[in-house]
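The following note sets out points for a colleague who is reading this structure. Please keep the sequence and the model at hand while going through them.

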Amino acid sequence: MKSIFKAAALGVAALGLTIGAASAQGVLQKVKERGQLICGTGLGIAGFGMPDEKGVWKGLDIDYCRAIAAAILNDPMKVKTVSLTAKDRFTALQSGEIDVLVRTTTWTMSRDTSLGLNFAGINYYDGQGFMVRKSMNIKSALELNGASVCTQQGTTTELNLADYFRANKMKYEVVAFVTNDETIKAYESGRCDVFTTDSSGLFAERLKFSKPGDHMILPEIISKEPLAASVRHGDDQWFDVVKWVHYAMLNAEELGVSQSNVDQMLKSDNPEVKRLLGTEGKFGEMIGLPNDWVVRIVKNVGNYGEVFERNVGSGSLLKIERGKNNLWTKGGLQYAPPIR
Amino acid sequence: MTIGDNVTPMDASGAYLGSGDLPQRKPPVTSRGLVAWVRDNLFSSIPNTIMTLLGFWILWEITPPILDFLIFDAVWEGSGRDACLESVRNAPVGACWAFVKVRLGYFFYGQYPIDERWRVDTVWAMGAIGVVWLLWPRVPYKNWGSLYFFLIFPVVAFFLLVGTPAFNLQKVPTNLWGGVLVTLVISTVGIVFSLPLGVLLALGRRSKLPLVRLFSVIFIEFVRGVPLITVLFMANVMLPLFLPDGWRPDSLIRVLVGIALFASAYMAEIVRGGLQAIGRGQYEGAQSLGLGYWQMMVLIILPQALKIVIPNIVNTFIGLFKDTTLVSIVGIFDFLKTIEASFVDPRWATPVTRATGYAFAAIFYFIFCWGMSQYSQWMERKLATGHKR
């Protein structure tokens with residue numbers, strides 16, 4: 001009996017060793033060998049990741065996957081998207097089923113630490129917002145005293161709402177529903193004055209109304225929902241790659257390098273542009289990529305501004321303002337460390 | 001009419017005799033036309049009348065809106081949300097079939113590359129031929145049909161769908177499969193594998209060999225004791241944590257195995273019910289003819305047992321077909337999930353998009369399930385040879 005246990009223990013140890021050996025090889029190396037990036041995405045979120053009529057996935061998050069693939073493999077289409085539910089997205093990342101998770105995931109402390117994730121760059125600053133009827137003639141959420149608010153039961157949305165109204169000493173009546181659809185229906189039929197959810201969602205939901213033009217989204221954002229890409233703990237090189245793909249897209253926008261002018265920009269004399277596009281220095285090599293990595297990203301996918309406008313901004317039906325997602329030079333929060 | 005009206009009093013010999021023809025009676029009730037049928041069946045009593053009126057009132061209330069939504073107010077053509085918006089059309093808008101039309105390719109094939117979709121079509125055509133061949137009694141050469149459907153078709157379908165460099169077919173990984181393709185693949189594999197596995201498990205559970213019996217009982221009870229969702233989560237989330245890196249079966253295959261095992265446990269209990277309905281005499285008769293165990297089972301017992309449980313088997317198949325929608329929770333895009341994923345598209349964001357999508361899904365599932373049910377009833381009638389009660 002003892003020997004059986006011993007054999008079993010040895011077997012388990014051997015298995016552990018092989019797993020250890022396998023994960024010692026970095027994700028970057030694995031992606032290069034596989035010739036494909038495996039990217040965890042959602043089940044369909046307007047503007048961030050959804051299948052188009054031909055079945056091709058499009059969206060802000062999907063473009064991030066494509067940018068990473070372009071930087072490593074010089075082909076934005078070499079991405080395998082794995083659709084994940086909110087529940088199994090972290091398990092999929094922890095078990096190594098996906099290389100990177102870009103799925104409108106809020107960066108929180110508990111996820112960053114105890115779940116064993118590293119968040120690499122915030123690709124969208126989201127937060128809870130309010131929608132009201134234009135006929136109410138309200139310009140700010142601070143005028144909402146006494147309003148009835150439609151929201152979804154048991155979500156952080158409901159808690160944020162309570163915090164906000166209490167902090168501003170305003171009265172409100174909450175009308176909560178189980179599903180998002182019920183909530184929207186109730187608001188549209190006039191059951192309450194205000195509808196609240198994450199602001200990116202407000203824009204998408206507004207389109208489903210019979211008269212979207214009658215409703216407006218108030219400028220206040222009452223909670224922090226920084227949406228970021230994430231990777232596993234313990235592979236710093238891969239973390240750097242994902243992080244710097246994000247920063248490269250921001251720096252490209254800041255320096256005016258876009259999909260259309262990237263070839264002319266290669267001849268630029270600006271030292272910052274030269275470092276960005278790899279005509280000077282060896283910055284790509286530092287993260288295990290060729291020096292023209294940013295050229296690959298911008299040529300194939302575009303800079304951050306282009307990606308934003310195409311998927312959720314003015315180039316899309318959602319028409320979300322840049323707002324907090326504007327560059328820091330234009331009053332937003334998007335700020336990338338310099339490449340030097 | 002009482003005796004005596006047309007009967008003369010006792011004559012001399014002491015017998016009663018008729019003294020003329022009896023008056024004609026009314027014709028029997030069977031042929032009394034629609035009005036009588038209505039009176040007998042719909043308005044036979046006061047409660048019945050109330051129920052009838054209530055039923056008609058409900059029909060009267062719900063039928064016109066349904067027809068309006070599905071047909072008369074529906075939008076059939078259009079290239080975007082404007083086509084299905086009441087504010088733009090200035091007319092009531094029913095179902096937005098234009099949305100379904102534009103997205104139909106996605107609903108049927110998922111992300112399967114457009115240039116390669118002929119391969120899926122070929123597989124469907126081959127499958128349809130096989131099904132007709134096997135299920136329509138008048139088509140001859142059933143043995144060849146079985147060989148085709150259970151051996152040739154799966155192999156060809158596999159290579160067509162997955163792709164193989166040998167025939168210059170581009171590889172299509174299963175994460176690109178979706179829509180009706182995935183629904184049909186999962187339900188076909190589930191149905192085709194669950195019946196033989198279920199029969200084996202049922203026989204195992206009634207076996208005299210303790211080890212076989214124990215295995216069958218444990219398997220059946222364990223699998224039946226957990227919800228399908230748990231099996232799917234187990235296959236999708238837990239399995240990768242146990243298995244070493246790089247040794248990870250494809251997620252669709254994991255789900256296929258899970259569903260096939262799950263369905264076979266249910267099938268086993270259904271078949272066991274059929275086996276228990278067969279009288280002892282059938283076993284003894286078979287044994288007295290000198291048949292061995294397998295001969296007895298295959299030639300005498302199973303044909304009778306399976307015939308008895310046809311309604312239950314088809315019931316399980318229909319349930320399985322609809323249960324395939326559960327795979328969406330592990331991120332596989334079956335037919336229903338492709339429809340739901342399309343709801344988020346801002347280009348088709350309208351108040352009616354969601355209702356249209358679900359209506360389309362309902363029609364699709366109904367056609368398939370009703371077809372299966374009709375076939376099974378027809379088969380039952382055909383096989384009814386004295387067992388019908």
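Which are the buried residues of α8(A)? The note answers this in point 2, after the conventions.

1. Conventions. This is a predicted model, in which local features need pLDDT of at least 70 and side-chain atom pairs count only at pLDDT 80 or more, while totals for chains, interfaces and linings use all residues. Residues are numbered from 1 along each chain as its sequence is written, and chains are lettered from A and ligands numbered from 1 in the order in which they are written.

2. Helix α8 of chain A. The buried residues of α8(A) are Ser199(A), Ser200(A), Gly201(A), Leu202(A), Phe203(A), Ala204(A), Glu205(A) and Arg206(A). A residue is called buried if 20 or more other C-beta atoms lie within 10 Å of its own, exposed if 12 or fewer do, and partly exposed in between, with C-beta atoms placed from the backbone. Helix α8 of chain A (residues 199-206) is largely enclosed by the rest of the structure, because eight of its eight residues are buried. The cover over these buried residues includes β6 (117-126), β7 (128-133), α7, β10 and β11 of chain A. Helices (H or I, at least four residues) and strands (E, at least two) are DSSP runs, numbered from the N terminus.

3. Chain A overall. Chain A has 14 helices and twelve strands, and its C-alpha trace spans about 75 × 65 × 40 Å along the principal axes. Of its 340 residues, 46% count as buried. Among contacts in chain A with a separation of 6 or more, 70% come from residues 24 or more positions apart; two residues are in contact if their C-beta atoms, placed from the backbone, lie within 7 Å.

4. The five-stranded sheet. In chain A, five strands form an open sheet in the order β9-β8-β10-β7-β11, with mixed pairing. Two strands pair if DSSP finds at least two bridges between them. The edge strands, each pairing on one side only, are β9 (172-177) and β11 (215-217) of chain A. On average, neighbouring strands of this sheet are turned by 30° against each other, direction ignored. Axes here are lines fitted to C-alpha atoms, for helices over the stretch in contact, and angles run from 0 to 180 degrees between N-to-C directions.

5. Inside that sheet. Strands β8 (residues 147-152) and β10 (residues 194-198) of chain A run parallel and are joined by two bridges. Cys150(A) stands opposite Phe195(A) in β10(A). Helix α7 (residues 180-188) of chain A packs on the sheet and touches β8, β9 and β10 of chain A, its direction making about 155° with that of β8(A).

6. Strand β4 of chain A. Strand β1 (residues 37-41) of chain A runs parallel to β4(A), and five bridges join the two. Leu37(A) has Val79(A) as its bridge partner in β4(A). The covered face of β4(A) carries Val79(A), Thr81(A) and Ser83(A), whereas Lys80(A) and Val82(A) are on the uncovered one.

7. The interface between the chains. In all, 34 residues of chain A are in contact with 31 residues of chain B. On the chain A side, α1 (2-24), β2 (50-51) and β4 (79-83) are the elements that give two or more residues. The largest share, five residues, comes from α1(A). By class, this side of chain A has 16 nonpolar, eleven polar and seven charged residues. Ala, Val, Leu, Ile, Met, Phe, Trp, Tyr, Cys and Pro count as nonpolar, Asp, Glu, Lys and Arg as charged, and the others, Gly among them, as polar.

8. The largest nonpolar core. This core has 157 residues, of which Ile68(A), Val242(A), Val245(A) and Ile297(A) touch the most other members. Helix α10 (residues 251-277) of chain B gives the most to this core, with twelve residues. A nonpolar core is a set of buried Ala, Val, Leu, Ile, Met, Phe, Trp, Tyr and Cys residues joined through C-beta atoms within 7 Å. Leaving aside residues up to four places away in sequence, Val245(A) touches Ala67(A), Ile68(A), Ala71(A) and Ile297(A).

9. Positive phi in chain B. Asn90(B), although not a glycine, has a positive phi of about 55°. Asn90(B) is found in the loop between α3 (86-89) and α4 (97-109) of chain B, and is exposed, with 8 other C-beta atoms within 10 Å. Tyr141(B) lies in the loop between α5 (117-135) and α6 (142-162) of chain B and is likewise exposed, with 10 other C-beta atoms within 10 Å.
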